[in-house]
Amino acid sequence: MTDLFAKLALDPSREAMAEGAVLLRGFALPVEDQILPALRSVVAGAPFRHMVTPGGYTMSVAMSNCGAAGWVTDRSGYRYDRKDPETGRPWPALPQCFLALATAAAGEAGYPHFRPDACLINRYAPGARLSLHQDKDERDFLQPIVSVSLGLPATFQFGGPNRSDPVRKYALRHGDVVVWGGPSRLFFHGVPELKDGHHETLGRMRINLTFRSAL
Ligand SMILES: O=C(O)CCC(=O)C(=O)O
Ligand SMILES: [Mn+2]
């Protein structure tokens, strides 16, 4: 048992998902009053849009970004771009409370040196989904991914290094944070179709923030 696994065994709000991957239940709840207004101001400057994959498929998840770089896709490929292609302007800065939440979650999961420079913001309406994929457009795979769930609950599928590996399913709720890095940094993951429902603060949607060290 690694030190991290030993520590997790003592705390019921922490679930080990794989080596290097941990689910921190409710970790964002104490700061949701800061996160939600900051999110509103980010998306006022960089509105949600449905991007197109290189294969020509329009994604069901609407996306925006903040930070020094943003993840984008279009017919020419997937990449990080310092400018929002919709506005031609730099993405809104990473709010201080986003940075504090992401670095605290990473520290809790055993990655004390994580300094994200990109935050992809996903908005799922009922029926939206994100098929199984790896996060592999970042430059430094030694840095983890920190993923914050807000609003409607979702199922998170977390597999292994190959697309065909079996997936485990986790019910992610408002305020949950998943961190994966180290041996599981490139593990396949995805979100099947969001079920309809109503969340008391966000209504009929799920928002996910994923923090990356991209540049
Ligand atoms: O919405 C989620 O929980 C996962 C999002 C994700 O995997 C991504 O944005 O790359
Ligand atoms: Mn991903």
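Student: Are F98 and F211 buried or exposed?

Tutor: Buried means under 20% relative accessible area, exposed over 50%, and partly exposed in between, with a 1.4 Å probe and protein chains only. Both F98 and F211 are buried. Please note that this is a predicted model, in which local features need pLDDT of at least 70 and side-chain atom pairs count only at pLDDT 80 or more, while totals for chains, interfaces and linings use all residues. Residues are numbered from 1 along each chain as its sequence is written, chains are lettered from A and ligands numbered from 1 in the order in which they are written, and side-chain values use heavy atoms, leaving out hydrogens and water.

Student: How many helices and strands does the chain have?

Tutor: Helices (H or I, at least four residues) and strands (E, at least two) are DSSP runs, numbered from the N terminus. The chain has 3 helices and 13 strands. Its radius of gyration is 16 Å, close to the 17 Å that the globule rule gives for 215 residues, so the chain is as compact as a globular protein of that length. That radius is taken over C-alpha atoms, and the rule is 2.2 Å times the number of residues to the power 0.38. Of the 215 residues, 52% count as buried.

Student: Which residues coordinate the manganese ion (ligand 2)?

Tutor: Donors are N, O and S atoms within 2.8 Å of the metal (3.2 Å for Na, K and Ca); water is not among the atoms, so sites may look incomplete. Here H133 (NE2), D135 (OD) and H189 (NE2) coordinate the manganese ion (ligand 2) at 2.1 to 2.2 Å. Along the chain these donors follow the spacing H-x1-D-x53-H. D135, in the loop between β7 (130-133) and β8 (145-151), and H189, in strand β12 (residues 189-191), are 54 residues apart, and the pair links distant parts of the chain. Both D135 and H189 are buried.

Student: In which order do the strands of the open sheet lie?

Tutor: Strands of a sheet pair through backbone hydrogen bonds, either parallel or antiparallel. Two strands count as paired if DSSP finds at least two bridges between them. In this model, 4 strands form an open sheet in the order β7-β12-β9-β10, with antiparallel pairing. The edge strands β7 and β10 (168-172) each pair on one side only. Strand β9 (residues 154-158) is joined to β12 by 2 bridges, and H189 in β12 is the bridge partner of F158.

Student: Which residues do ring pairs link into a cluster?

Tutor: Rings of Phe, Tyr and Trp (its six-membered ring) pair if their centres lie within 6.5 Å; planes under 30 degrees apart count as stacked, over 60 as edge-to-face and the rest as tilted. The cluster consists of F156, F158, W180 and F187. A search of the whole structure finds 6 aromatic pairs. One of them, F98 with F211, is edge-to-face, at 6.0 Å centre to centre and 85 degrees between the planes. F98 lies in helix α3 (residues 96-108) and F211 in strand β13 (residues 206-212), so this pair ties together parts that are 113 residues apart in sequence. The rings of F158 and F187 have centres 5.9 Å apart and planes at 40 degrees, so that pair is tilted. F158 is buried, with a relative accessible area of 3%, and F187 also counts as buried, at 14% relative accessibility.
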